[in-house]
Amino acid sequence: MSFARARPLIVSRFFVAVASAVLPLVLARRFSPADYGTYKQLFLVAQTLFYVLQLGVPQSLYYFVPRTAHRRPYLVHALVFLAGAGVLAAAALVWQAPRVAGWMHNPELARHAPALAVYLFGTLCSVPLEISLTASGRTRAASAFYAGSELLRAAAMTLPAVLGWGVQGVMAGVAGWALLRAAVTWAVVPRGTSGPWLAREGLWEQLRYALPFGAAIAVGLPQGYFHQYFVAAHEAPAAFAVYSVGLFQVPFVDLLYSPTSEVLMVSLGELDREGRLAERAGVFRGAVARLAYAFVPLAVFLGVAAPSFISALFTEKYLAAVPIFRVGVASVLLAALPLEGVLRARGETWHILAASALKAVVNVPAVVVGVWRFGLVGAVGAWLASEVVGKAALLWRVPRALGAPLRRLMPWAELGRAAFASLAGAAAAWAAQAAFAGLRPIAVLVLGAALFGVAYALALLAVGARLPFEMVGLGRLAPRPVLAPTKTAGP
């Protein structure tokens, strides 16, 4: 099965990724480290509540919508549930803001709590917008709404910063954007659907599916953010700003991972409905191959080019973040395995909950010990270790979920080619870092990326890899594979 349906989502996420990459750069340059740390702390709190309070309900749409012709009740259930969650979240945030500000030793957090509450309410209400469209197979519409919404959000946050309105102006801008997005969501999502507005049996069925996944998020997300909260509670806002820069996630990871995972879930649901169970392994194998050819070289390059990357994007005042960044960027490798999507598509959300609980058991004590022994690098290292444990737990279950052994699910040849070519690119990038050290960081970064890309492409050609070139429309440049290809790895 082709993943061509993911292309509109990937294109939209490309433009969003550019905007998302610019946003922290503008804010880090316009704000002092203390103000930038305050901004990061505000959104750390908001993101935690945003993901936890969904309780898996909007994500259940990926499971139910492709399997029914009467979609309206499932969509309305999600809209009503999230609106209620948004009201509760906003009220709790304003009520507990002084306590949170005291815990993080930053009184500025309480001052911005009302705007953050409005933002949280609006974003929770609008979660089903792109999910409902993607689950219905309307990926072009989903990509258009996603791109337009996120570009508007970036403008609502960057313009106040550029105009010198500070953190307060940024928070006011993003709060207004969230309310507008919520209104659009309620107007668009139920439109053109059939079925009753509410269905009691459908609601309980939806909750039975969603709550284990929501519980997994409620357990997994706070423990995943625990290292950030721990650092925020023990360091000044300026130090937390350095740590946040080290945790910078390249937005281009989401550019490929999210649409691939979403289309994978929808495709597995359709295969189940049509009884084509033997094709599930091939669909998963093809998704992993595509992600690996992108994420393995990205992680390797960023690890090599970390000093010039941080200096070019965030200025040299954040160079202390380089060791943190090098450890954190290894998590990009894990994104080549869309395991959560597989288990959600197969209705095995209880196993996601078990993996999240296992991560929490590993992560919390590891962060405390890591910070005590190794400082901020120990915090991110502990988080990475828990992520590896969680992925391993999910990977253990996937063969049973797809009805195929692991040796048939993993594109071993493609993984080997990606690793070999990435090492060749790393050697070229490392040489560039040394040869052009006297130039400006942005020049070193661009030259290093160019040399890495050339070396990576040549190495792929040398081992006969075709898929990466076909992904970008350059399939004619690549010879037929020398090594035996995986049958369903191609588009």
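This is a predicted model: local features need pLDDT of at least 70, side-chain atom pairs count only at pLDDT 80 or more; totals for chains, interfaces and linings use all residues.
Residues are numbered from 1 along each chain as its sequence is written, and side-chain values use heavy atoms, with hydrogens and water left out.

**Stop 1: H18 and H19**

Select residues 349-374, helix H18, and residues 376-402, helix H19. (Helices are DSSP runs of H or I with at least four residues, numbered from the N terminus.) The two axes come within 7 Å and cross at roughly 160 degrees; axes are lines fitted to C-alpha atoms over the stretch in contact, and angles run from 0 to 180 degrees between N-to-C directions. That makes H18 roughly antiparallel to H19, the term for angles over 145 degrees. H18 passes H19 in a right-handed crossing, meaning that the near helix is turned clockwise from the far one by less than a right angle. The contact residues divide into 16 nonpolar, six polar and three charged. (Nonpolar covers Ala, Val, Leu, Ile, Met, Phe, Trp, Tyr, Cys and Pro; charged covers Asp, Glu, Lys and Arg; the others, Gly among them, are polar.)

**Stop 2: a cavity**

The whole structure holds two cavities of 30 Å³ or more. A cavity is a set of points on a 1 Å grid over the protein atoms alone where a 1.4 Å probe fits but cannot get out, and its lining residues have an atom within 4 Å of a point. Select Gln41, Leu93 and Leu116, which are among the residues lining the second largest cavity. Its volume is about 100 Å³, counted as the space filled by probe spheres set on the points. H4 gives the most to this lining, with four residues. By class, the lining has 10 nonpolar, one polar and no charged residues.

**Stop 3: H4 and H6**

Now show H4 (72-103) with H6 (113-125). Their axes come within 8 Å and cross at roughly 165 degrees. The two helices are therefore roughly antiparallel to each other, and H4 passes H6 in a right-handed crossing.

**Stop 4: an aromatic pair**

Finish at phenylalanine 452 and tyrosine 456, a stacked pair with 6.2 Å centre to centre and 15 degrees between the planes. (Rings of Phe, Tyr and Trp, the last by its six-membered ring, pair if their centres lie within 6.5 Å, and planes under 30 degrees apart count as stacked.) Phenylalanine 452 and tyrosine 456 are separated by about one helical turn because they lie four residues apart in helix H22 (residues 441-462).

Note on methods. Angles under 35 degrees count as roughly parallel, over 145 as roughly antiparallel, 65 to 115 as roughly perpendicular and the rest as oblique. On a 1 Å grid over the protein atoms alone, a cavity is a set of points where a 1.4 Å probe fits but cannot get out, and a pocket is an open set with protein on both sides within 12 Å along at least five of seven lines; lining residues have an atom within 4 Å of a point. Rings of Phe, Tyr and Trp (its six-membered ring) pair if their centres lie within 6.5 Å; planes under 30 degrees apart count as stacked, over 60 as edge-to-face and the rest as tilted.
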